[in-house]
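Subject: Structure for you to look at

Hello,

I am passing on the structure we spoke about. Please have a look at it below; my notes on what was found follow.

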Amino acid sequence: MALVQSTDPFVTIAVWTGTIALGVTLLLACQIILLRIDLRRHQARNAEAVARWRPLLNAIIVGESPALPLLPAHERIHFMRLWVHLQGSLRGEATDALNAMARELGVDALARRMLARAPRDERLLAALVLGHLRDRAAWDRLLPLAQAPDSALSLTALWALVRIDPDAAAEYLTPLFIERDDWALSHVAGILQQAAAPTAAVLGRILPGLPEERLPRALRIAEALRVPLPGAVLAGALSSGAVPIVIAGLRGVMTPETIDEVRALLAHPDWQVRVQAARALGRIGNRDDAPRLTALLGDPQWWVRYRAAQALRELPALSRADMQAVRASLTDRFALDMLDQVLAEQETA
């Protein structure tokens, strides 16, 4: 029975639309099937590589010297991932043994080549490998990645550079960390922790010449690393007319070199500055600062009163009897309530 062709254009359009939709659906179904096949093949290869190399890696870790086979091309990425995973959980001689094994297999040269032309995830893996290897030959190849717009790739390259040469990395990377606002301070601090001392030296040298808008981030980096900055540098920040700079400077105060500047800021018109000044005085203050902090217990801002009470509790030369004397001297109900709250917190801590 012959098909009757419709002359209605809407029917024709509907038929073609349905045919195209069916074709697209079939193509998507085929693509999903192919992806699943590829995923299973990848998982099988990974399992084979792990089964082949894990016993050798475990033997290396416990101090044995097994004969190493060649590393086949199809197992290289799987081996590197397993190797990086083990490096992240080991310390000392075991990591040195794994490094020697990787170099014997040519993984260092392979990772350097991957930095230049491999896909993104493999370049990330290569940077991790080279960082664990502390491969000085990779330094010049990692530097361009450190300035890449891709945050994950650039931070991984920065981590590798710090592992390779902390002193040189601090000199090169510290200005970069100050400039790049897209890098979280927690990540920056984690990377620079291994280069804290040289980073503190670089910060102390470049802080006086930084533009005002970059000073808060630079000071926050110093705070995150818990590195003391030169007193003159901090004094400059504490005398700034910009509140964000003053607050960042106060958060970085760790020694009594700037105690006079901190004391003066207890009367700052901005309550956030007074909060940080009280906290700083709790870290570096002495018995003579008790009256200053006691006066802050009457501040109109709740957070100022709270931090002042905490700072009083933290003053090293103030005994429990002294705290009770301070309490007895208070006539302001809000000040008394706040001191009682902080003392109660200490009892339950």
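I begin with one residue. R134 is partly exposed, because its relative accessibility is 42%, and partly exposed covers the range between under 20% for buried and over 50% for exposed. Please keep in mind that this is a predicted model. R134 sits in the loop between α5 and α6. Its phi is near 50°, which is a positive value in a residue other than glycine.

Helix packing

Two helix pairs are described here. Packed helices in general are characterised by the distance between their axes and the angle between those axes.

The crossing of α2 past α5 is left-handed. On the α2 side, the contact is made by I77, M80, R81, W83, V84 and Q87. On the α5 side, the residues are D121, E122, L125, A126, L128, V129, H132 and L133. Sorted by class, the contact of α2 with α5 has 9 nonpolar, 2 polar and 3 charged residues.

The other pair is helix α15 (residues 271–284) with helix α17 (residues 302–314), whose axes come within 8 Å and cross at roughly 10°. That angle makes α15 roughly parallel to α17, because angles under 35 degrees count as such. From α15, the residues in the contact are W271, R274, V275, A278, R279 and G282. They meet W303, V304, R307, A308, A311 and E314 of α17. The contact of α15 with α17 divides into 7 nonpolar, 1 polar and 4 charged residues.

Salt bridges

Side chains of opposite charge can pair when their charged atoms come close. Over the whole structure, 16 salt bridges were found. Three of them are set out below.

One joins the side chains of R120 and D150, with an N to O distance of 2.4 Å. R120 belongs to helix α5 (residues 120–133), while D150 is in the loop between α6 (139–146) and α7 (151–164), so the pair links distant parts of the chain, 30 residues apart. R120 is partly exposed, with a relative accessible area of 40%. D150 is also partly exposed, at 25% relative accessibility.

Another salt bridge brings together the side chains of E171 and R205, at 2.3 Å from N to O. E171 lies in helix α8 (residues 166–179) and R205 in helix α10 (residues 196–206), so this pair ties together parts that are 34 residues apart in sequence. The relative accessible area of E171 is 42%, which means it is partly exposed. R205, with 48%, is partly exposed too.

The last one to mention is between the side chains of R292 and D289, at 3.0 Å from N to O. Is D289 buried or exposed? D289 is buried, because its relative accessible area is 0% and buried means under 20%. R292, in turn, counts as partly exposed at 34% relative accessibility. This pair is part of a network in which salt bridges with shared partners join D260, R263, D289 and R292.

Regards

Definitions and conventions: Residues are numbered from 1 along each chain as its sequence is written. This is a predicted model: local features need pLDDT of at least 70, side-chain atom pairs count only at pLDDT 80 or more; totals for chains, interfaces and linings use all residues. Side-chain values use heavy atoms; hydrogens and water are left out. Axes are lines fitted to C-alpha atoms, for helices over the stretch in contact, and angles run from 0 to 180 degrees between N-to-C directions. Helices (H or I, at least four residues) and strands (E, at least two) are DSSP runs, numbered from the N terminus. Angles under 35 degrees count as roughly parallel, over 145 as roughly antiparallel, 65 to 115 as roughly perpendicular and the rest as oblique. Contact means heavy atoms within 4.5 Å. Ala, Val, Leu, Ile, Met, Phe, Trp, Tyr, Cys and Pro count as nonpolar, Asp, Glu, Lys and Arg as charged, and the others, Gly among them, as polar. A salt bridge is a side-chain nitrogen of Lys or Arg within 4 Å of a carboxyl oxygen of Asp or Glu. Buried means under 20% relative accessible area, exposed over 50%, partly exposed in between (1.4 Å probe, protein chains only). A crossing is left-handed if the near helix is turned anticlockwise from the far one by less than a right angle, and right-handed if clockwise.
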